Amino acid sequence: MLLASPVGVTGLGLLTLMLFLALFGPLIAPYDPTLPSGKPFEQPSSAHLLGTNDVGQDILSELIVGTRVSLLIGFSAAAGAILIGTLVGLVAGYSGGWLDGALMRLVDVMLVLPFIPLMIVVAAYLGPSTGNLIAAIMLVIWARPARVIRSGVLALRGATYVEGARALGASDFHILFRHILPGVLPIAVSQFILVASGSILIEASLSFLGLGDPVRKSWGSILYYAQIRGAFLNGSWPWWVVPPGVMITLAVLGFALTGRALEGYLFPRLRKG
Amino acid sequence: MLNRLGQYLLVLLVAVTVNFFLPRAMPGSPLQFLAGDEVATLSPEQRQAILQRAGLDQPLLVQFLRYLGQLARGDLGYSYQENRPVRSILLERLPWTLLLTATALLLSSLFGVIVGALAAWRRGGMLDNTTLAGSIALDAVPTFWLGMMLVAIFAVQLQIFPVFGARTAWANYQGWSAVVDVTRHLVLPATTLTIASLSGTYLVMRYAMLAVLGEDYIRTARAKGMAERQVLYKHALRNAILPVFTVFMLNLGTLVGGAAVIETVFSYPGVGRLLFESATNRDYPLLQGAFFLVTLSVLLFNLLADLLYPLVDPRVRGSHG
């Protein structure tokens with residue numbers, strides 16, 4: 001299945017590496033990244049493979065431990081968004097009529113709103129915190145999956161087995177959750193993977209703007225501090241700026257490739273060159 | 001059309017509501033959220049004027065209507081930190097953002113169309129395979145980090161381009177040298193944005209071209225012995241470019257707000273950077289004004305797209321309303 005394509009193998013390999021770092025990061029990291037372990041702005045050495053930052057924290061340890069923060073925010077936001085999106089898509093697609101119209105109108109509004117500016121505004125009032133970050137990302141990314149899942153529901157609503165269940169007197173609730181939900185679950189899963197890669201990117205951008213939790217640094221936050229504490233002025237950018245960006249890219253690529261391979265596997269008709 | 005207009009008004013209402021209710025829902029003195037961090041330095045008369053203006057003693061609905069009235073008159077409030085009206089600050093920043101994003105949008109569309117068309121024309125060839133893989137990889141790279149890398153290489157290491165800003169401070173260039181100066185500052189941020197939005201146009205163009213190449217009229221053109229080059233230019237390109245136009249128009253909407261992160265990387269003095277600055281400085285009137293402008297511009301450009309589309313594609317004429 002997934003391992004049959006080089007795309008799937010690469011994606012899953014990257015994801016496994018990221019998950020490993022996220023789970024065991026604090027055990028692998030040579031130092032506690034929240035405490036200074038050297039002098040400020042140390043160059044790479046055997047003690048600090050990627051040098052130290054402006055307050056003497058080990059950059060390699062920040063990078064390893066930051067994996068958990070970045071993935072956790074990306075995952076939670078994506079999971080929440082898929083939950084909202086699936087519910088909205090199910091209700092809208094199944095009910096039809098005015099409720100469908102109203103929900104889809106809401107989706108349209110969400111898709112048009114300029115979301116990075118919106119998040120800057122919301123975060124400016126709520127203050128930077130991991131919870132706020134997750135909530136903000138979740139609120140802006142649920143709309144697209146909702147629309148995709150709705151079209152899946154529309155396709156299933158007229159299916160013979162659904163008609164049959166209805167003819168046998170099954171309740172709407174029963175039909176929705178026992179017959180239609182399992183049908184759209186594959187769509188939800190592949191949407192989740194794609195949304196997760198997007199939300200990791202958004203998290204990085206927002207943290208880079210300083211909207212992340214200052215105590216639990218993600219890859220984006222590391223880049224924020226590198227930018228404002230002069231990584232370009234003192235020449236420390238090769239070990240302070242390059243590695244976090246590479247990590248973000250690899251993580252996003254892992255999700256994106258896995259998502260593509262999964263989509264090709266679950267919906268062979270979508271596969272086109 | 002009326003339907004679309006209603007939708008845009010709804011979006012505007014959401015944005016205005018965020019601006020109005022979010023500060024009022026916050027704990028603490030509303031004065032701070034209305035005036036920003038400057039509250040402590042204000043004179044009692046100024047405080048009174050702010051409260052008067054917001055009408056905090058009135059019912060919430062009256063306050064909201066009053067606020068809408070001010071917006072309708074183009075009154076975006078007053079920045080107590082900058083000590084001047086929000087509108088004049090925004091108007092100063094807007095041209096820079098438009099210059100940056102319009103340049104990037106034009107360049108990325110141009111390159112996207114060319115590369116996408118060539119890739120589809122020789123489907124499965126070297127160019128097709130490498131650009132397709134490249135676009136997937138490029139989509140995974142955070143845009144702001146791409147900008148940081150360009151700064152590191154071309155501004156810090158090679159010192160070909162300036163590190164930040166839109167003009168050399170204090171230089172006071174005139175005429176031609178001012179143009180050169182502005183262009184030199186534009187190169188890196190515009191390149192970053194161009195690369196970042198390249199893959200979208202490329203993919204749309206490639207798919208559109210593949211679809212068109214499978215059409216009957218292409219087969220007919222070839223069958224009647226038309227030269228390949230002519231098939232490409234006369235029939236295929238012309239029809240495949242329509243979806244790209246749609247994407248182009250949609251991207252126009254993100255023109256003002258879309259560059260917020262990039263403007264921050266390059267300290268480019270646009271509206272996006274202003275949004276970030278005012279959030280960091282807790283200059284709430286300015287923050288609200290910038291957010292309003294960004295939302296408004298998204299809607300105006302989307303409206304423009306709706307109006308222009310029937311002119312470009314005769315097929316949607318009549319069926320669009």
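Helices (H or I, at least four residues) and strands (E, at least two) are DSSP runs, numbered from the N terminus. This is a predicted model, in which local features need pLDDT of at least 70 and side-chain atom pairs pLDDT 80 or more, while totals for chains, interfaces and linings use all residues. Residues are numbered from 1 along each chain as its sequence is written, chains are lettered from A and ligands numbered from 1 in the order written, and side-chain values use heavy atoms, without hydrogens and water.

Select A:Asp100, in helix 3 (residues 97-112) of chain A. At 10% relative accessibility, A:Asp100 counts as buried (under 20% relative accessible area; exposed is over 50%, partly exposed in between; 1.4 Å probe, protein chains only). Beyond neighbours within four places in sequence, A:Asp100 has contacts (heavy atoms within 4.5 Å) with A:Ala92, A:Gly93, A:Ser95 and A:Arg150.

Next, select helix 4 (residues 115-126) of chain A and helix 13 (residues 284-312) of chain B, whose axes come within 10 Å and cross at roughly 160°. Axes are lines fitted to C-alpha atoms, for helices over the stretch in contact, and angles run from 0 to 180 degrees between N-to-C directions. Helix 4 of chain A is therefore roughly antiparallel to helix 13 of chain B (angles over 145 degrees). Show the contact residues, including A:Leu118 and A:Val121 of helix 4 of chain A and B:Leu287 and B:Phe291 of helix 13 of chain B.

Colour helix 4 of chain A by burial: nine of its twelve residues are buried, among them A:Ile116 and A:Met119.

How values were computed. Angles under 35 degrees count as roughly parallel, over 145 as roughly antiparallel, 65 to 115 as roughly perpendicular and the rest as oblique.
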